[in-house]
Amino acid sequence: VASKTLRIQILPLLSDNFSYVLHDSHSTLATIIDPSESSPVRKFLAKEALNLELIICTHHHLDHVGGAQELADQKVPIWASDYDRSRIAGCTRGLSDSEEVLVAGHKMRVIFVPGHTLGQIALYFEEASALFVGDTLFSLGCGRLFEGTADQMIASLNKLMALPDETKIYFGHEYTLRNGEFVESLNLNLPELKTYLQHVRDLRSKGNFSTPSLLDLEKRLNPFLNAHSVEEWTRRRALRNHF
Ligand code: ZN
Ligand code: FE
């Protein structure tokens, strides 16, 4: 029996958004996460000879749902959290916290991570060690608190930190170098930061992206994962908002 492998392709959209196209290596049926816009996605699917079977949105912000309805064309289902169901046009199914569903033939667990918005979810594929976090977590950063409180966001980040260290973090925006400048400005004692930022600069200069990152590395370097108290976390979030 041929083994099933989840293939994950990165699709940059708008100015700095990431969508992700998932399919099993033995199938041409694709799922897209967070389609910001429709026409580049259509072109990409055609080029790869993939057929869209499912759209999942990590939260209701336009840069994560903007292309969903047009791509769905009333045929392809659109999933989001049950909280977001009523505020994402065309959403056909609301997912609940801890729900396990098959996506691209692979088991996916839904993790509610309120903070950036109240309906934000993360999508975890244990077998592939892949976690799609939308705007909850970025490399060296985290999402702004648009709807939730710091306590909610910290609880959400703690849920993600409980996953295995080797988990690959697929985030929603290419903010890593800017986040890196912010972390440098905090003057924390993080000798590894320089090496990591040089690695990211190399990737970017070749037209590649910093997604996915590794949970292990983020636990050490991300100022929103290594803060020692709610107060310290909140101070860092406020500083980053005005950085
Ligand atoms: Zn957002
Ligand atoms: Fe976003």
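Which protein donors hold the zinc ion (ligand 1)? Select His59 (NE2), His61 (ND1), His116 (NE2) and Asp135 (OD), which lie 2.2 to 2.3 Å from the zinc ion. Donors here are N, O and S atoms within 2.8 Å of the metal (3.2 Å for Na, K and Ca), and with water not among the atoms, sites may look incomplete.

Before going on, some housekeeping. This is a predicted model, where local features need pLDDT of at least 70 and side-chain atom pairs count only at pLDDT 80 or more, while totals for chains, interfaces and linings use all residues. Residues are numbered from 1 along each chain as its sequence is written, chains are lettered from A and ligands numbered from 1 in the order in which they are written, and side-chain values use heavy atoms, leaving out hydrogens and water.

Stay at the metal. The donor residues of the zinc ion are spaced H-x1-H-x54-H-x18-D in sequence. Now show the iron ion (ligand 2): it sits 3.2 Å from the zinc ion, and Asp135 coordinates both. His59 comes from the loop between strand S4 (51-56) and helix H2 (62-65), and Asp135 from the loop between strand S10 (130-134) and strand S11 (137-138), 76 residues apart. (Helices, H or I of at least four residues, and strands, E of at least two, are DSSP runs numbered from the N terminus.) Both His59 and Asp135 are buried, where buried means under 20% relative accessible area, exposed over 50% and partly exposed in between (1.4 Å probe, protein chains only).

Next stop: helix H6, residues 191-205. Colour Leu193, Tyr196, Leu197 and Val200, all buried. On the face turned away, pick out the exposed Pro191, Lys194, Thr195 and Ser205. Just past H6, Gly207 has a positive phi of about 80°.

Last, go for the charges. The structure has 12 salt bridges, each a side-chain nitrogen of Lys or Arg within 4 Å of a carboxyl oxygen of Asp or Glu.

Methods
Expected span 1.5 Å × (residues − 1).
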